[in-house]
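Let's take a walk through this structure together, one part at a time. Have the sequence and the 3D view open, and follow along as we go.

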Amino acid sequence: EAVVVSLMNGIAPARQVSDALPGRTVLAGMVPFNVVWSGTSTLQRASLGNLALTEHPATRQLATLVAQSGAPIDLHTDLAPLQHGKLLLNLINPINALSGLTLHEMLSQRAWRRIYAASVREALTVLAATDTPWVNAGPFSPRMASQLLTLPDWLFNATILKSQKIT
């Protein structure tokens with residue numbers, strides 16, 4: 001009878017988990033912040049954002065319990081637009097993997113940021129062409145971010161990168 005919350009990245013994982021677990025209540029969730037291993041058994045939150053879950057009696061109860069820890073959960077009646085917004089942010093992941101750098105090191109270099117900005121602009125074009133709704137999943141709109149990412153290193157690093165508290 002347990003409610004299952006899928007926190008996997010993407011648009012379809014909750015549906016796929018639901019298909020694999022017939023009769024179970026499966027809800028979509030999203031972790032909008034970066035998490036890194038800071039030891040062999042310790043995970044550290046490495047950027048800003050609140051956990052996002054589909055609104056349901058079970059997630060309302062969970063949100064109340066977790067709020068006591070100081071880690072708020074945002075509840076959404078429809079998580080899909082936020083998941084599409086997160087997809088825009090996650091376009092950085094393959095670029096970061098190819099760079100071989102930490103996320104902070106990669107973002108401090110304009111050449112890598114320009115590749116990410118171009119990816120975001122292309123994805124925005126695709127979302128618009130398919131009438132796919134999305135909402136911001138980060139501190140800046142993707143349109144604005146694609147412009148900010150192209151700022152000179154000295155300005156980006158001293159303002160935008162510093163304000164994001166990415167470790």
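Predicted model: local features only at pLDDT ≥ 70, side-chain atom pairs only at ≥ 80, totals over all residues.

Residues are numbered from 1 along each chain as its sequence is written, and side-chain values use heavy atoms, with hydrogens and water left out.

Helices (H or I, at least four residues) and strands (E, at least two) are DSSP runs numbered from the N terminus, and two strands pair if DSSP finds at least two bridges between them. In general, strands of a sheet pair through backbone hydrogen bonds, either parallel or antiparallel. Here, 4 strands make an open sheet with mixed pairing, in the order β1-β2-β5-β6. At the edges sit β1 and β6 (73–76), each of which pairs on one side only. On average, neighbouring strands in this sheet are turned by 30 degrees against each other, direction ignored.

Now zoom in on β2, residues 26–30. Is this strand mostly covered or mostly open? Mostly covered: 5 of its 5 residues are buried. V26, A28 and M30 point one way from β2, L27 and G29 point the other way, and all are buried. On one flank, strand β1 (residues 4–6) runs parallel to β2, joined to it by 3 bridges. Within that pairing, V4 has V26 as its bridge partner, and V5 has L27. β2 also pairs with strand β5 (residues 51–54), this time in the antiparallel sense over 2 bridges, and there G29 stands opposite L53.

To get from β5 to β6, the chain passes through helix α2 (residues 57–67) in a right-handed β-α-β crossover. Right-handed has a set meaning: with the strands pointing away from the viewer, the path from the first strand over the helix to the second runs clockwise. β1, helix α1 (residues 13–20) and β2 also make a right-handed β-α-β unit.

What about the helices that lie against the sheet? Contact means heavy atoms within 4.5 Å, while axes are lines fitted to C-alpha atoms (for helices, over the stretch in contact), with angles from 0 to 180 degrees between N-to-C directions. Helix α1 lies across β1 and β2, running at about 155 degrees to β2. Helix α3 (residues 80–90) packs on the sheet too, touching β2, β5 and β6, and its direction makes about 40 degrees with that of β2.

Next, the nonpolar cores. Such a core is a set of buried Ala, Val, Leu, Ile, Met, Phe, Trp, Tyr and Cys residues joined through side-chain atoms within 4.5 Å. The largest one has 18 residues, and L88, I92, M106, L107, Y116, L149 and F156 have the most contacts inside it. Two or more residues each come from α4 (92–99), α5 (103–107), α6 (110–129) and α8 (153–163), and the largest share, 6 residues, is from α6. Leaving aside residues up to four places away in sequence, M106 touches I92, I95, N96, S99, L101 and W112. There's also a second, separate core of 9 residues, including V26, A52, L82 and A137.

Finally, let's look at charges. Side chains of opposite charge can pair when their charged atoms come close. A salt bridge here is a side-chain nitrogen of Lys or Arg within 4 Å of a carboxyl oxygen of Asp or Glu, and by that rule there are 2 salt bridges. One joins the side chains of R113 and D153 at 3.0 Å, N to O. Since R113 lies in helix α6 and D153 in helix α8, this pair ties together parts that are 40 residues apart in sequence. R113 is buried, with a relative accessible area of 0%, while D153 is partly exposed at 31%. E55 and R60 also meet through their side chains, at 3.3 Å, N to O. Here E55 counts as partly exposed at 36% relative accessibility, and so does R60 at 38%.

Conventions. Buried < 20%, exposed > 50% of the residue type's maximum accessible area, 1.4 Å probe, protein only.
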